[in-house]
Amino acid sequence: MLVLAVFVSGRGSNFLSIQRAIAEHRLDARIAVVISNRRDATALESAAALGIPARSFAGVAEAQQVAWMRDTLAEAGVNFIALAGYMKLLPGEIVAAYRHRITNIHPALLPSFGGTGMYGHHVHEAVLSSGAKVSGATVHLVDEEYDRGQIVAQRCVPVLPHDSVESLAARVLEIEHQIYPEALHLFAEDRVEVRGNRTIILS
């Protein structure tokens, strides 16, 4: 079973989709703690309302944040980390400690439209400006760079002729809520194998 820490920076809709999958027995996991870099992240309130421990390191000195994360994750018994709208780069020490056990959801089809500055509405603006006919969502492993880890799962949505940033974002978010729990389910069943710069999904 996955014992999850979910890292968030905002409303946490993907956190809630993961929790819903757990409650509906579609994902063999337990969210042990929700962690945010912001005290005012709505996801922390949602977690607390669900009885899930909610923590913020907003007041922790930067030099102490790695130790704070290590202690918080250890105390919660975490064996897997899911980034869900988390807008910071995880410290390298945490990435190394949970190598191949950290995932992120990105609102585009990586490797396109990823990297520094490519988050939220910026991603959808870039997709629309490019003239792309297809967008989607990507679940990938997390390494020391933004959006560069091995891809675990992707799903497409059409970019429609009259799409706005908001309409495209809404369509992609629906796919995110489907694909993230499904990808985590693969890890819960030990069906993801990392081979070099790619992942293999075992049957």
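Visitor: Helices here are DSSP runs of H or I of at least four residues, and strands are runs of E of at least two, all numbered from the N terminus; so where does Pro 111 lie?

Guide: Pro 111 lies in the loop between S5 and helix H5 (121–130), and a cis peptide bond, with omega of about 10°, joins Leu 110 to this proline. This is a predicted model, in which local features need pLDDT of at least 70 and side-chain atom pairs count only at pLDDT 80 or more, while totals for chains, interfaces and linings use all residues. Residues are numbered from 1 along each chain as its sequence is written, and side-chain values use heavy atoms, with hydrogens and water left out.

Visitor: Which residue has a positive phi although it is not a glycine?

Guide: His 25 is one, with phi of about 60°, and its place is in the loop between H1 and S2. Another is His 100, where phi is near 65°, in the loop between H4 and S5.

Visitor: And is His 25 buried or exposed?

Guide: His 25 is exposed, at a relative accessible area of 74%, whereas His 100 counts as partly exposed, at 34%. Buried means under 20% relative accessible area, exposed means over 50%, and partly exposed is in between, using a 1.4 Å probe and protein chains only.

Visitor: Switching to helices, how do H1 and H6 pack?

Guide: Helix H1 (residues 13–23) and helix H6 (residues 165–188) pack at an angle of about 50°, and their axes are 9 Å apart. Axes are lines fitted to C-alpha atoms, for helices over the stretch in contact, with angles from 0 to 180 degrees between N-to-C directions. H1 and H6 are therefore oblique to each other; angles under 35 degrees count as roughly parallel, over 145 as roughly antiparallel, 65 to 115 as roughly perpendicular and the rest as oblique.

Visitor: Which residues in H1 meet H6?

Guide: Ser 13, Asn 14, Ser 17, Ile 18 and Ala 21 in H1 meet residues in H6 that include Leu 173, His 177, Tyr 180 and Leu 184, where contact means heavy atoms within 4.5 Å.

Visitor: What does Thr 103 touch?

Guide: Not counting residues up to four places away in sequence, Thr 103 touches Tyr 180, Leu 184 and Phe 187, among others including Phe 80, Val 139 and His 140. Thr 103 is found in strand S5 (residues 102–106) and is buried, with a relative accessible area of 0%.

Visitor: What about Ala 32, buried or exposed?

Guide: Ala 32, in strand S2 (residues 29–36), counts as buried at 7% relative accessibility. Leaving aside neighbours within four places in sequence, Ala 32 is in contact with Val 3, Leu 4, Ile 52, Pro 53, Ala 76 and Val 78, and Gly 77, 45 residues away in sequence, is 7.5 Å away in space, C-alpha to C-alpha.

Visitor: How many aromatic pairs are there?

Guide: Rings of Phe, Tyr and Trp (its six-membered ring) pair if their centres lie within 6.5 Å, and planes under 30 degrees apart count as stacked, over 60 as edge-to-face and the rest as tilted; by this rule the count comes to three. In one of them, Phe 7 and Tyr 86 have ring centres 5.3 Å apart and planes at 80°, so the pair is edge-to-face. This pair links distant parts of the chain, 79 residues apart, with Phe 7 in strand S1 (residues 2–8) and Tyr 86 in the loop between strand S4 (80–83) and helix H4 (92–97).
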